Amino acid sequence: MGSVAQVCSRVEPMRFRRQLPLDLTGDHGELLALIESTTLSQGQDTVSWLLEENGNYSVKSMYARLSRGATIAHFKDVWAAKIPLKIRIFSWQLVLDRLPSSSNILSRHGPGNGKCALCGELETADHIFFGCSLARFA
Ligand SMILES: [Zn+2]
């Protein structure tokens with residue numbers, strides 16, 4: 001196993017032991033086109049998360065990215081993913097801001113005051129997962 005640059009520099013094209021399903025053949029072609037359009041360095045490959053300046057993955061950056069461009073079309077992969085149904089439904093509710101946060105319950109004339117029980121700020125899904133400083137230490 002070599003770097004991406006080493007694999008791409010080989011004269012013979014990449015082959016697979018088994019034939020790729022038709023839907024993956026298109027993905028493979030797109031991947032090759034993406035690699036060809038990229039300038040590769042000769043050094044060792046590294047993994048870097050583009051949504052953070054330091055290159056390290058964070059749930060916060062992923063959430064911000066997903067919630068920015070969330071549409072039904074963008075979310076179809078989550079529905080197709082082999083994860084428990086309750087996780088799919090929870091993710092769908094999170095992206096659409098339909099989780100039963102205190103502010104959502106209040107906006108539907110339910111009980112409560114819309115405030116976080118831990119810190120007293122407005123309780124939204126964003127606050128529950130990323131904003132509540134007390135929840136981080138609870
Ligand atoms: Zn809070």
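This is a predicted model: local features need pLDDT of at least 70, side-chain atom pairs count only at pLDDT 80 or more; totals for chains, interfaces and linings use all residues.
Let me start with a term: a residue counts as buried under 20% relative accessible area, as exposed over 50%, and as partly exposed in between. Phe129 has a relative accessibility of 37%, so it falls in the partly exposed class. Phe130, at 18%, is buried. I'll come back to both.

The mean pLDDT for the protein is 83, and 93% of the residues reach at least 70. Confidence is lowest in helix H1, residues 4-9, with a mean of 74. The highest value belongs to helix H6, residues 102-107, at 93.

Now the aromatic residues. Searching the whole structure gives 4 aromatic pairs. Take Tyr63 and Phe130: the ring centres are 4.7 Å apart and the planes make an angle of 40°, so this pair is tilted. The reasoning is that angles under 30 degrees would count as stacked and those over 60 as edge-to-face. Where do Tyr63 and Phe130 lie? Tyr63 is in helix H3, residues 59-68, and Phe130 is in helix H7, residues 125-131, so the pair ties together parts that are 67 residues apart in sequence. Both of these residues are buried.

Phe130 also pairs with Phe129. That pair is tilted as well, with 6.3 Å between the centres and 45° between the planes. Taken together, Tyr63, Phe90, Phe129 and Phe130 make up one aromatic cluster.

Next, the core. In soluble globular proteins, nonpolar side chains tend to be buried together. Here the largest nonpolar core consists of 5 residues: Tyr63, Leu94, Leu99, Ala125 and Phe130.

Which residues does Leu99 contact, leaving aside neighbours within four places in sequence? They are Phe90, Gln93, Leu94, Asn104, Ala125 and Phe129.

Last, the metal. The zinc ion has as its protein donors the SG atoms of Cys116, Cys119 and Cys132 and the NE2 atom of His127, at 2.1 to 2.3 Å. Along the chain, the donor residues follow the spacing C-x2-C-x7-H-x4-C. What is the geometry of the site? The angles among the 4 donor atoms run from 97 to 118°, and the site is tetrahedral. For reference, the ideal angle for four tetrahedral donors is 109.5 degrees. Two of the donor residues, His127 and Cys132, are buried.

Terms used: Residues are numbered from 1 along each chain as its sequence is written. Side-chain values use heavy atoms; hydrogens and water are left out. Rings of Phe, Tyr and Trp (its six-membered ring) pair if their centres lie within 6.5 Å; planes under 30 degrees apart count as stacked, over 60 as edge-to-face and the rest as tilted. Helices (H or I, at least four residues) and strands (E, at least two) are DSSP runs, numbered from the N terminus. Buried means under 20% relative accessible area, exposed over 50%, partly exposed in between (1.4 Å probe, protein chains only). pLDDT is the predictor's confidence in each residue, from 0 to 100. A nonpolar core is a set of buried Ala, Val, Leu, Ile, Met, Phe, Trp, Tyr and Cys residues joined through side-chain atoms within 4.5 Å. Contact means heavy atoms within 4.5 Å. Donors are N, O and S atoms within 2.8 Å of the metal (3.2 Å for Na, K and Ca); water is not among the atoms, so sites may look incomplete. Four donors count as tetrahedral if all angles lie between 85 and 135 degrees; four count as square planar and six as octahedral if opposite donors are over 155 degrees apart and all others between 65 and 115; anything else is irregular.
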